[in-house]
Amino acid sequence: MQRTDFSKMACSIARTLDVIGEPWSPLILRDVWVGLNRFDQLQADLGISRKVLTERLNHLVDQGVLARRPYDQRPRYEYVLTEKGTELVDLLMVMTTWGDKWLAGEAGPPVLYRHHACGEISTVDLRCTHCGNPMHANDIDHLSGPGAAA
C-alpha cells in the first residue's frame, strides 16, 4: 500500500508526520534514545518484523533523523540520533507528558525523567521562548507565516 506523501504540504505538522507519522518510527526513536542501538536489540524490544524494521530504519536514516555507525568488521551497524533526531525526541517527550497525564492510569507513569541541570524528576512544560510563560493551544493565535500556501 502506497503511503500518502505529506512532505509537500504547507504544514509543519504534516511534514513532521511524513517523517514519523506511522506508529513504529516514534518507538524506534525512543529505543535508540534510551540506548538500544542495534538492529537485533530494536527487533527484540519492539517485536517488529525484520522487514518493517529495516524499512523504518532506512526511512529514518534517509530523513536524517538517525545515522548508521559501523560497530563490527562485518558490515554491521548501530543507529544513533542525529541532531535532527535528538530534537525530534523533544516532541516525544511532550507526547510522554500527555500520555502520562491521560493514559497512565492508577499505576502512574511507566518512566520518570530526571533533569540533568537540577537533578529533579520532572516533565516537559511548553513555554513561550520570548516571555517564559506557559504556552498551550488556547494561549495562541494562528497567523500566516512566510511559508504559508498561497
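## The largest pocket

About 520 Å³ of space lies in the largest pocket of this predicted model. A pocket is found on a 1 Å grid over the protein atoms alone, as an open set of points where a 1.4 Å probe fits, with protein on both sides within 12 Å along at least five of seven lines; lining residues have an atom within 4 Å of a point. Grid points are joined across faces, edges and corners, and the volume is the space filled by probe spheres set on the points.

The lining of the largest pocket has 16 residues, and those nearest its centre are Leu27, Arg30, Leu92, Thr96 and Tyr113. Helix 2 (24-33) and helix 5 (83-103) each supply at least two lining residues, and helix 5 gives the largest share, eight residues. By class, the lining holds 12 nonpolar, two polar and two charged residues. Here Ala, Val, Leu, Ile, Met, Phe, Trp, Tyr, Cys and Pro count as nonpolar, Asp, Glu, Lys and Arg as charged, and the others, Gly among them, as polar.

## Basis of the model

Residues are numbered from 1 along each chain as its sequence is written, and side-chain values use heavy atoms, with hydrogens and water left out. Because the model is predicted, local features need pLDDT of at least 70 and side-chain atom pairs count only at pLDDT 80 or more, while totals for chains, interfaces and linings use all residues.

## Overall layout

The protein has five helices and four strands, in the order α-α-α-α-β-β-α-β-β from the N terminus on. Helices (H or I, at least four residues) and strands (E, at least two) are DSSP runs, numbered from the N terminus. The C-alpha trace spans about 55 × 45 × 30 Å along its principal axes.

Of the 150 residues, 22% count as buried. Buried means under 20% relative accessible area, exposed over 50%, and partly exposed in between (1.4 Å probe, protein chains only). The accessible surface comes to about 11100 Å², and 55% of this belongs to carbon and sulfur atoms. Accessible areas come from the Shrake-Rupley method with a 1.4 Å probe, and for residues only the protein chains shown count as cover. Among contacts (heavy atoms within 4.5 Å) between residues at least 6 apart in sequence, 38% join residues at least 24 apart.

In helix 1 (residues 12-20), the residues Ala14, Asp18, Val19 and Ile20 are buried. The buried residues of helix 1 pack against helix 2, helix 4 and helix 5. An α-helix has 3.6 residues a turn, so residues three or four places apart point the same way.

Arg56 is placed in helix 4 (residues 50-62). Arg56 counts as buried because its relative accessibility is 11%. Apart from neighbours within four places in sequence, Arg56 is in contact with Val19, Glu22, Trp24, Ser25 and Ile28.

Asn37 lies in the loop between helix 2 and helix 3 (39-46). With a relative accessible area of 15%, Asn37 is buried. Leaving out neighbours within four places in sequence, its contacts are Val32, Glu78, Tyr79 and Val80.

Tyr77 belongs to strand 2 (residues 76-81). Its relative accessible area is 37%, so Tyr77 is partly exposed. Beyond neighbours within four places in sequence, Tyr77 is in contact with Arg38, Arg68, Arg69, Pro70 and Tyr71. Tyr77 and Arg38 are 39 residues apart in sequence, yet their C-alpha atoms are 6.8 Å apart in space.

## The second largest pocket and Leu126

The second largest pocket has a volume of about 440 Å³. Its lining includes Leu91, Val94, Trp98, Leu126, Met135 and His136. By class, this lining has eight nonpolar, two polar and two charged residues.

Leu126 is in the segment after strand 4 (121-122). Leu126 is partly exposed because its relative accessible area is 41%. Setting aside neighbours within four places in sequence, Leu126 is in contact with Val94, Asn133, Pro134, Met135 and His136. Leu126 and His136 are 10 residues apart along the chain, and 6.9 Å separates their C-alpha atoms.

## Cysteines

How many disulfides does the rule count? The count is zero, where a disulfide is a pair of cysteine sulfur atoms within 2.5 Å. The closest cysteine sulfur to that of Cys128 is in Cys131, at 3.9 Å, which is too far for a bond. Cys128 is partly exposed, at 21% relative accessibility.
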